[in-house]
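Welcome! Take a moment to look over the sequence and the model, and then let us walk through them together.

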Amino acid sequence: MTPWNCPNCGAPAHVYPGQTVATCTYCKQSFPLAGTAPTPPPQPVQPIIVIAPGEPSPRSIAMPVRRTAAGCGVVSALVPLVIFGVVGFFVYSGLRTGGLVAGGWNGSEPLVCGGNDSVEATGVTVTYASGAGINAGGNCHVKCTRCSVKGPIGVVAGGNAEVDLFDSRIEAPQAVVAGGNAHVRMLGSSSVVGQIIKSGNADVTAPPGTPTLGATPPAPAPPAPPRRPTR
C-alpha cells in the first residue's frame, strides 16, 4: 500500500498499486489518484544536542545507568554520614581556637576570647611559661569553676569583659591585670597568690588581704569637730 492524503479532509488514505480512484475511510469521499502525489513516509526527527564546554559527550549522556536495590541502599546510607562528617569537621575546626572547644576551655592553650563570646570551664589546671592564662576582652564573659592558673600573668581583662572565678586559684606575680570597664570576681573559696593591677573603671573582687595596685584610695576622714573648753 502507498499512503495518500484525502484532498477533502486531509486524512491519510491507503492506495494499492494500480488503483486509480480511492475512497477516504474518514469522510467517505472518493477522489481520483491522477496528479495527486503520495504522502511521503514520516522521517525520524534527529534531536539537536548542544554540549557546553566541560560537559560529557552525547554518548556518555545517552548511556543507561544500571542501579541495583543494594547499591541504592548503600549510597542512601552513606550520603548522610558523609555530610555529617564534613559539617562536623568544619564546626570543630571553627570552634577550636585558642584552647576553646565548643564554647569551653580545655587548657591546651591560653584562653583568649573577645566580642560577645561566652566561655565556661570546670576543673582546668594549667601552668604556662609565658603570657597570661586567661585573656578576655570586648564583651566576653568567662566563667571558670575549680580552675587553677599558674604563670607570669594569671588573668588579663579589658573592655567590658567579665571574668567570674568560682573556687579557683590564681598564682602569678601579676595575678590579675584589669582595665577599661572589666570586672574580675574571685568568688567562693577562691585564692590569689600575686598582685592585682587595675586601671580605668575596672573592678576586681579578690579575697581580703590581696595586694592591689592602682586601687582608688579611700576618702579622707572628715576633721573632728573642735572641742569646747570645759568649765
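## The chain as a whole

Let us begin with contacts along the chain. Among contacts between residues at least 6 apart in sequence, 16% join residues at least 24 apart. Please keep in mind that this is a predicted model. Its secondary structure comes to 2 helices and 19 strands.

How much of the chain is buried? Buried residues make up 25% of its 231 residues. The accessible surface comes to about 15400 Å², and 61% of that surface belongs to carbon and sulfur atoms.

The average pLDDT of the chain is 75, and 60% of the residues score at least 70. Over residues 86-97, the pLDDT is below 50. Beyond near neighbours in sequence, that stretch has 7 contacts in the model. Where pLDDT is low, the predicted coordinates should not be read in detail.

## Two disulfides

How many disulfides does the structure hold? There are 2. A disulfide is a covalent bond between the sulfur atoms of two cysteines. If you number the bonded cysteines of the chain in sequence order, the pairing reads 1-2, 3-4.

One of these disulfides is formed by Cys113 and Cys140, with their sulfur atoms 1.8 Å apart. This pair links distant parts of the chain, 27 residues apart. Cys113 lies in strand S7 (residues 111-113), while Cys140 sits in the loop between strand S10 (132-136) and strand S11 (141-145). The link of Cys113 and Cys140 is left-handed, with -85° about the S-S bond. Are these two cysteines buried or exposed? Cys113 has a relative accessibility of 7%, so it counts as buried. Cys140 is buried too, with a relative accessible area of 0%.

Another disulfide joins Cys144 to Cys147, at an S to S distance of 1.9 Å. Because the torsion about the S-S bond of Cys144 and Cys147 is about -90°, this disulfide is left-handed. Cys144 is buried at a relative accessible area of 1%, and Cys147 counts as buried at 3% relative accessibility.

## Two further cysteines

Cys9 has a relative accessibility of 40%, so it counts as partly exposed. Cys27, at 23% relative accessibility, counts as partly exposed as well.

Strand S8 (residues 118-122) has two faces to look at. Its covered face consists of Val119 and Ala121, whereas Ser118, Glu120 and Thr122 make up the uncovered one. S8 pairs with S11 in the parallel sense, over 5 bridges. Which residue of S11 is the bridge partner of Val119? It is Val142. From the uncovered face of S8, Thr122 stands opposite Thr145 in S11.

S11 is also joined to S14 by 5 bridges, and these two strands run parallel. Here Lys143 has Asp164 in S14 as its bridge partner.

## A closer look at Asp164

Asp164 is found in strand S14 (residues 162-166). Why does Asp164 count as buried? Its relative accessibility is 9%, and buried means under 20%, so Asp164 falls on the buried side of the cut-off.

What does the side chain of Asp164 make a polar contact with? The partner is the side chain of His141, at 3.1 Å. Not counting residues up to four places away in sequence, Asp164 touches His141, Val142, Lys143, Cys144 and Arg185.

## A closer look at Val176

With a relative accessibility of 0%, Val176 counts as buried. Which residues is it in contact with, leaving aside its neighbours within four places in sequence? Val176 is in contact with Val155, Val184, Gln195, Ile196, Ile197 and Val204.

Methods
Residues numbered from 1 in each chain as written. Predicted model: local features only at pLDDT ≥ 70, side-chain atom pairs only at ≥ 80, totals over all residues. Heavy atoms only, no water. Disulfide = S-S within 2.5 Å. Helix = DSSP H or I, 4+ residues; strand = E, 2+ residues; numbered from the N terminus. Buried < 20%, exposed > 50% of the residue type's maximum accessible area, 1.4 Å probe, protein only. Contact = heavy atoms within 4.5 Å. Areas by Shrake-Rupley, 256 points an atom, 1.4 Å probe, with all protein chains shown as cover. Pairing = 2+ DSSP bridges. Polar contact = N/O pair within 3.5 Å; in protein donor to acceptor, adjacent residues only side chain to side chain. pLDDT = per-residue confidence, 0-100.
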